[in-house]
Amino acid sequence: MSTHDPDRPPTEGGSLADPHSATPDQLDTGTHDTSRAEVAAQQADHRGGVVRGSDAARAGAPTQPKNGLDRFFGISSSGSTVPIELRAGLTTFLTMSYIIFVNPNVLGNAIDVGPTTFVQLLSVTCIAAMFGSLVMGLIARYPFAQAPGMGLNAFFAFTVVLGMGVAWQTALGAVFISGVLFVVLSVLGVRKAIVQGIPMGLKLAITAGIGSFLALLGLRSAGIVVANEATLVGLGDLGAPSAWLAVIGLIFTAVLLQLRVKGAILWGILVTSLLAIVTRAEVYTGADGSPAAFGGFTDGIVGAPVWPSDLVGQMDIVGALGLGLLSVVFTFFFVDFFDATGTLTGLAQRSGYLDEKGDMPRAKTVFSMDGLACMFGAAMGTSTTTAYVESASGIEEGGRTGLTATVTGLLFGLSLFLWPLAGVVPGAATAPALVLVGALMMDGIRHIEWDQVAEGVPAFLTIMVMPLTFSIANGVSMGIISYCAIKALTGKAKEVHWILYIVAALLLARYVWLGE
């Protein structure tokens, strides 16, 4: 049971789950000349994220709720303010708004309901993201946004439907069943127990691994890191519009962060987008799918939404329960279980919500909302809806409560009508934010016991495997398996929580019998 009081600042009472929540005595100032007073000041200055919270919170002002909204979300007690939460919600939305257009493009390869296929898929993407983010914000009260997940949508379209020949309605049924399993295991406390069993070193590594994964996403989106047949990855063309625009945006945003400008990440995204428009940089997608300059709002900024009548309720649960598709159901379940669990744990650690034992408050509720969003998305007609690592951008802007996710959800709802406006922000403008947020998420690794091989190697594998296999789930899996194996083979088996051995065994079985 968590000992965290949700009505107090999330970073209070913590151990090194968030290094900035430690007391000056707990920090190793080692080779630095920083005094304890300076360390304490730095900690207080960091608690609100990159914006570091409100001036009042930093000054130790009273944190009594100012109104009903403040009381419901615990904004003041979290060291935040309504403006910070609103800005964080907008930042999160901007960094993940690409899914509005990308998800329909991916799923459109497998789902065909006629001439309105794309716009129906676009609508259901916005609806699923709105619902998932709202339940996470209003019920779980965490700043974690949700939307149809990348990777899982590709698995749905290309592997299950096109590769295996499974009807898309049946594939949706498999997604729905996996969501039901998420909720059941969450209510029973299994997901919470697994998170509690993961040692602090691995939790810090998961956060850092997500950071490296985010950075890769950003560099890839900017065209700075590209595929290379000889070396797997290579350096892209830095003279290409997306690359130089992203580099300028990265430097500009980094300068704002260093100067502690409020809303630095958001300003970076907006200014980089404006630069793309003004310079006519070909970083947008043209009508024929090729790179193009911003074409303006030829049809206005308001687009009438289309209700996804051909997608809603089309899932075939009975067909998905067929013996031949159980492996598909299990794969959907496995990948999202560890992907979402790792993402939520890493985001909670970064936002300072892990208590002194490394536990997440209201964990059952958080994980249940993840499963509920998955079920709802499948019922509406889209692949697995899950927590987004891009939520870290809002957290770094200072978002600490459910108001951040609520704002993100409302913006996805608004996108049903203003989706042409969302196209103003190119991938080259959000790429710098992902890279910088990734860098900021690496700071916790200094508290990993690198001199202990049993702690350092699993942490290293967790951090490296995530970006190199393009999967958070694989990184978490490799970390858990190696941690259990090394501990057991070096006479330290009792130091590992028993549930982690069960998880490691299931993970091994999954890789051996089901492969990737």
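In this predicted model, the axes of helix α10 (residues 200-221) and helix α20 (residues 472-489) come within 10 Å and cross at roughly 150°; axes are lines fitted to C-alpha atoms over the stretch in contact, with angles from 0 to 180 degrees between N-to-C directions. Helices are DSSP runs (H or I, at least four residues) numbered from the N terminus. The two helices are therefore roughly antiparallel, a term for angles over 145 degrees. Contact (heavy atoms within 4.5 Å) is made by L202, I206, I210 and F213 of α10 and by I472, V476, G479, I480 and Y483 of α20. These residues divide into 8 nonpolar, 1 polar and no charged, with Gly counted as polar.

Residues are numbered from 1 along each chain as its sequence is written. Local features need pLDDT of at least 70, side-chain atom pairs count only at pLDDT 80 or more, totals for chains, interfaces and linings use all residues, and side-chain values use heavy atoms, leaving out hydrogens and water.

T406 lies in helix α17 (residues 402-422). T406 is buried, with a relative accessible area of 8%, where buried means under 20% (1.4 Å probe, protein chains only). Beyond its neighbours within four places in sequence, T406 is in contact with F73, S133, L134, G137 and L138.

Terms used: Angles under 35 degrees count as roughly parallel, over 145 as roughly antiparallel, 65 to 115 as roughly perpendicular and the rest as oblique. Buried means under 20% relative accessible area, exposed over 50%, partly exposed in between (1.4 Å probe, protein chains only).
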